[in-house]
Amino acid sequence: MYGDDIASVLISEDQIAEKIDEIADLVAKRYPAGAPEGDLLLVGVLKGAIFFMTDLAKRLQIPTQMEFMAVSSYGSSTSSSGVVRIMKDLDKDIAGRNVLIVEDIIDSGLTLSWLLRNLKSRNPASLEVVTLLRKPDALRTQVDVMHVGFDIPNEFVVGYGLDYAERYRDLPYIGTLDPKVYGGK
Ligand code: PRP
Ligand code: MN
Ligand code: MG
């Protein structure tokens, strides 16, 4: 539907679904139901994590609550500016809660390391991260993650929530973007 903008399918819909099942089992084991901190609080990082957040929540066999935070560091560029802006903050206080940040991708790691610092200062009982994708070769800062779905090569990827200039989020799979789209060769 985007013509030949997508150079290749990196991770198919089926592979994503299978991985989310695995991650859901691991998360449910880590947070047994009936904890004194109350239900696990999933914090989805908008907009990229929309599909991962909703698919993961549906597959988790434990009660969870959902909050969203919107942060942006990329704008319409293909590399992170390192300056993270809160476009939408959490609605609720997270003090004393078990918080699991749900993110689509760790690229430079700047967004998450900023977010971890920010949320930690709000005194949650625990704070962990689950990310569907990570680019080990692009990391510019160390980020501790509980679960990583897939480590991927350092290429610009789109789909399943990930955008380039707000496009391609609606693809059901993760694909690599043809460099001609962003002015590469
Ligand atoms: C993207 C992606 C991650 C972040 C990862 O978000 O969804 O949140 O960048 O990059 P980093 O590890 O280099 O910081 P973006 O800022 O593009 O906002 P979006 O989720 O609304 O697309
Ligand atoms: Mn994002
Ligand atoms: Mg983006």
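**Exercise 1. Find which residues Leu 46 is in contact with, leaving aside its neighbours within four places in sequence.**

Solution. 
- Step 1: Leu 46 sits in strand E2, which covers 40–46. Helices (H or I, at least four residues) and strands (E, at least two) are DSSP runs, numbered from the N terminus.
- Step 2: list the partners. Contact means heavy atoms within 4.5 Å. With neighbours within four places in sequence set aside, Leu 46 contacts Phe 68, Met 69, Ala 70, Val 71 and Lys 88.
- Step 3: check the peptide bond. Leu 46 is joined to Lys 47 by a cis peptide bond, with omega about 0 degrees. Most peptide bonds are trans. Lys 47 belongs to the loop between E2 and H2.

A note on the model. This is a predicted model, in which local features need pLDDT of at least 70, side-chain atom pairs count only at pLDDT 80 or more, and totals for chains, interfaces and linings use all residues. Residues are numbered from 1 along each chain as its sequence is written, and side-chain values use heavy atoms, with hydrogens and water left out.

**Exercise 2. Describe how H1 and H2 pack.**

Solution. 
- Step 1: take angle and distance. Helix H1 spans residues 13–30 and helix H2 residues 50–59. They pack at about 55 degrees, with axes 9 Å apart. Axes are lines fitted to C-alpha atoms, for helices over the stretch in contact, and angles run from 0 to 180 degrees between N-to-C directions.
- Step 2: classify. Angles under 35 degrees count as roughly parallel, over 145 as roughly antiparallel, 65 to 115 as roughly perpendicular and the rest as oblique. H1 and H2 are therefore oblique to each other.
- Step 3: name the residues that meet. H1 brings Ala 17, Ile 20, Asp 21, Ile 23 and Ala 24. H2 brings Phe 52, Asp 55, Leu 56 and Arg 59.
- Step 4: sort the residues of this contact. Six are nonpolar, none polar and three charged. Here Ala, Val, Leu, Ile, Met, Phe, Trp, Tyr, Cys and Pro count as nonpolar, Asp, Glu, Lys and Arg as charged, and the others, Gly among them, as polar.

**Exercise 3. Work out which residues of H2 are buried and what they pack against.**

Solution. 
- Step 1: apply the cut-off. Buried means under 20% relative accessible area, exposed over 50%, partly exposed in between (1.4 Å probe, protein chains only). In H2, Phe 52, Met 53, Asp 55, Leu 56 and Ala 57 are buried.
- Step 2: find their surroundings. These residues pack against H1, E2, E3 (64–72), E5 (98–106) and E6 (126–134).
- Step 3: look at the core. A nonpolar core is a set of buried Ala, Val, Leu, Ile, Met, Phe, Trp, Tyr and Cys residues joined through side-chain atoms within 4.5 Å. The largest has 28 residues, and Phe 52, Leu 56 and Leu 133 touch the most other members. H1 gives the most to this core, with five residues.
- Step 4: follow one member. Not counting residues up to four places away in sequence, Leu 56 touches Ile 20, Ile 23, Ala 24, Val 102 and Val 130.

**Exercise 4. Compare Tyr 160 with Ala 165: buried or partly exposed?**

Solution. 
- Step 1: locate them. Tyr 160 is in the loop between strand E8 (157–158) and strand E9 (174–177). Ala 165 lies in the loop between E8 and E9.
- Step 2: read the accessibility. Tyr 160 is buried, because its relative accessibility is 7%. Ala 165 is at 34%, so it counts as partly exposed.
- Step 3: check phi. Tyr 160 has a positive phi of about 50 degrees. Ala 165 has a positive phi of about 50 degrees. Most residues other than glycine have a negative phi.

Definitions and conventions:
Chains are lettered from A and ligands numbered from 1 in the order in which they are written.
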